[in-house]
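This report describes the fold of one protein chain and some of its residues. Please view the sequence and the model together while reading.

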Amino acid sequence: MQVAEINSGRAVYWGTGRRKCSVARVRLVPGAGKMTVNGKDGELYFQFNPNYLGAIKAPLETLGLENEYDIVVKAEGGGLTGQADSIRLGVARALCELDPDNRSPLKTEGYLTRDPRAKERKKYGLHKARKAPQYSKR
C-alpha cells in the first residue's frame, strides 16, 4: 500500500488488489461515487454482469461511504471476475488507509482477505494440470 497523497488540494488514497492473474491499482478520490476503470465508466466496463459493480462497491456500502468517494482504477490481466475481485480488495485496502478504524468492519465482512486460489500449472506427461491420457491395460 502507498501513502495518501494530496492531489490538487484533495486527499487521494491508494490500494492494490490481486486475484488470480489480475492486478488492480485503485485510487479513492473525494467525489460523488463515480467509478472509472481503465478510462471507461464502471457501468460500461462491467456491463455484462451488474453483480460486479455491487461487489466492488460493497466495502464502501459497509462503511456508508458509497456517495462520498470516486473510484479510479487501472486494472490489468485476467478476466472480468478476477478484475472485479481485485478491485474490491484494492478499495478495501484504500479505505483502511483512509482511516485505520475502518479495518475491523471490513475484516469481519471478509473484504481484506486475498483469495489465494490460482490456476495450477500443467505437468509433463499429462494433458492438463491433472488430466491424464486414457489408460489401457492391453
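**Overall fold**

The model is predicted. The secondary structure of the protein chain consists of four helices and six strands. Read from the N terminus, the order of elements is β-β-β-β-β-α-α-β-α-α. The radius of gyration is 19 Å, well over the 14 Å that the globule rule gives for 138 residues, so the chain is more spread out than a compact globule. Along the principal axes, the C-alpha trace spans about 75 × 30 × 25 Å. Of the 138 residues, 33% count as buried. Among contacts between residues at least 6 apart in sequence, 64% join residues at least 24 apart.

**Strand pairing around β6**

Strand β6 pairs with β3 and with β4. The β3 and β6 strands run antiparallel and are joined by eight bridges; L28 has I71 in β6 as its bridge partner. The β4 and β6 strands run parallel, with three bridges between them, and T36 stands opposite V72 in β6. V72 also has a C-alpha distance of 10 Å to Y13, although 59 residues separate the two in sequence. Y13 belongs to strand β2, residues 10–19.

**Helix α2**

Does the length of helix α2 agree or disagree with its residue count? At 1.5 Å a residue, the 13 residues of α2 (residues 51–63) should span 18 Å, and the end C-alpha atoms are 19 Å apart, which agrees. The helix has a kink of about 50° at K57, shortly before the proline P59. Which residues of α2 are buried? They are Y52, L53, I56, A58, P59 and L60. An α-helix has 3.6 residues a turn, so residues three or four places apart point the same way. The cover over the buried residues of α2 includes β4 (35–37), α1 (42–45), β6 (69–76), α3 (80–98) and α4 (103–109). Just after α2, G64 takes a positive phi of about 75°.

**Single residues**

| Residue | Relative accessible area | Class |
|---|---|---|
| Q83 | 6% | buried |
| C96 | 12% | buried |
| Y13 | 15% | buried |
| C21 | 64% | exposed |

Q83 lies in helix α3. With a relative accessible area of 6%, Q83 falls under the 20% cut-off and therefore counts as buried. Neighbours within four places in sequence aside, Q83 is in contact with S22, Y45, A75, E76, G77 and G78.

C21 sits in the loop between β2 and β3 (22–30). Its relative accessible area of 64% is over the 50% cut-off, so C21 is classed as exposed. Where does C21 make contacts beyond its neighbours within four places in sequence? C21 is in contact with E76, G77 and G78.

How many disulfides does the structure hold? The number is zero.

Key. Residues are numbered from 1 along each chain as its sequence is written. This is a predicted model: local features need pLDDT of at least 70, side-chain atom pairs count only at pLDDT 80 or more; totals for chains, interfaces and linings use all residues. Side-chain values use heavy atoms; hydrogens and water are left out. Helices (H or I, at least four residues) and strands (E, at least two) are DSSP runs, numbered from the N terminus. The expected span of a helix is 1.5 Å times one less than its number of residues. The bend at a residue is the angle between axes fitted to the seven residues ending there and the seven starting there. Buried means under 20% relative accessible area, exposed over 50%, partly exposed in between (1.4 Å probe, protein chains only). Contact means heavy atoms within 4.5 Å. A disulfide is a pair of cysteine sulfur atoms within 2.5 Å. Two strands pair if DSSP finds at least two bridges between them. The radius of gyration is taken over C-alpha atoms; the globule rule is 2.2 Å times the number of residues to the power 0.38.
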